[in-house]
Amino acid sequence: MTDSEGLARLRHIGWRDDALPDDPRRLARVVAQHRAGYEVHDGTAAFNAQPAGQFLKRGLDPALRPAVGDFVLLSHASHPVIEAVLSRRSTLTRAAAGERYERQVIAANIDYVLVLTGLDGDFNPSRIERYLTLVEGSGARPVVLLSKADTGVDVEAAVSSLRARLPAEAEVHAINGKDPATVGLLAPYLGPGMSAVLVGSSGAGKSTLTNTLLGEEKMATGAVRDHDSRGRHTTTHRALLSLPTGGCLIDTPGMRELKLTGEENLDLFADIEALAAQCRFADCGHGKEPGCAIQAALASGELSPQRWRNFLKLHEEREEQAATMEARLRRKAGPKPGGKPRRGGWSHDDD
Ligand SMILES: Nc1nc2c(ncn2[C@@H]2O[C@H](COP(=O)(O)OP(=O)(O)OP(=O)(O)O)[C@@H](O)[C@H]2O)c(=O)[nH]1
Ligand SMILES: [Mg+2]
Ligand SMILES: [Zn+2]
């Protein structure tokens, strides 16, 4: 195969360099991850591949293992093995659920993170802020999508309450995930060479929107519970799909827990940090101290109490996670404690 044929083929899986890697090993993209291994696509066909031994080593940071969206190099063997992961242009991570501190990659090499929230009982501006905080530092841009705009809810009120909380440049769209017109609206994020990942709670409509963008009912969808709009975790694995618009989209399982990793910078709340810098006392606790700029902003309505509470929560969580992460790094660097190291599962995926 010539280079240009190879490149044309790879465009389908979102490869956009003008050149192929020098390596003779075969290039492919991870399109799914299962307990038994990975599914990769080389632009022509999808097939299974196993990770090389180096990725299964105990104690390896899970964020260094192949993840959905990664471009990987495969051995030529009849049973393909992922031997190397090419460097990522962006990585969306969260801390894995559970006690042990671990970074978990949600998607790699994405341009946009489509944060999907239903305009039903799922609507929650604080959770959207949490998602946007996770997207910060990923290298990808967030786009907030509010689904179920067709269900008779007060779309205007929801959109304006959200806009009041988010920075002016935040992109927010109310959509009907079932309407083919949504394809045109989202086309700017899903053109050739673009990759996007859809994230949001179970039942928000990620797979419904994925099917509309695909133009076929490929992903299973499931109705939400009437009383609280919660979904039933219909999607159980992340899947990268090529869209007719030329881009790639990753559908994901609904997330129950969105733990920060400790690496976030909370840019979303830069205005609050700026206010705090104006308090009379450098160590102001923003309680009853005189000259507290935060209390003044809360009193004048300039700062919403919900947003302030959410900031405090995220800030505290980030500090805790950063301390846990540091302690873990120190333990790793220091002498090994007695006992066996704990086994690191490499495919704990969805929740
Ligand atoms: N009316 C309306 N219904 C929607 C819309 N988007 C999704 N739904 C419905 O919401 C329910 C949940 O949709 P799914 O696409 O399965 O949700 P999901 O986000 O993929 O959920 P998980 O796979 O469980 O994470 C289904 O009954 C959809 O038909 C929308 O924009 N309008
Ligand atoms: Mg789904
Ligand atoms: Zn203060």
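Guide: Helices here are DSSP runs of H or I with at least four residues, strands are E runs of at least two, and both are numbered from the N terminus. This is a predicted model, where local features need pLDDT of at least 70, side-chain atom pairs count only at pLDDT 80 or more, and totals for chains, interfaces and linings use all residues. Residues are numbered from 1 along each chain as its sequence is written, with chains lettered from A and ligands numbered from 1 in the order in which they are written.

Visitor: OK, what follows helix 5?

Guide: Gly215 does, and its phi is positive, near 80 degrees.

Visitor: And is helix 5 enclosed, and why?

Guide: It's largely enclosed by the rest of the structure, because 8 of the 9 residues of helix 5 (residues 206-214) are buried. Buried means 20 or more other C-beta atoms within 10 Å of a residue's own, with C-beta atoms placed from the backbone.

Visitor: What do those buried residues pack against?

Guide: Strand 8, strand 9 (141-147), helix 4 (181-186), strand 11 (195-199), strand 12 (239-242) and strand 13 (248-251). Contact here is C-beta atoms, placed from the backbone, within 7 Å.

Visitor: Switching to the ligand: how many residues surround ligand 1?

Guide: 26, the closest being Gly205, Ser207, Thr221, Thr235 and Gly254. To count, a residue's C-beta atom, placed from the backbone, lies within 6 Å of the ligand.

Visitor: Which element gives the most to that shell?

Guide: Helix 5, with 3 residues. Ser207, among the closest to ligand 1, is also one of the buried residues of helix 5.

Definitions and conventions:
Buried ≥ 20, exposed ≤ 12 C-beta atoms within 10 Å, placed from the backbone. Contact = placed C-beta atoms within 7 Å.
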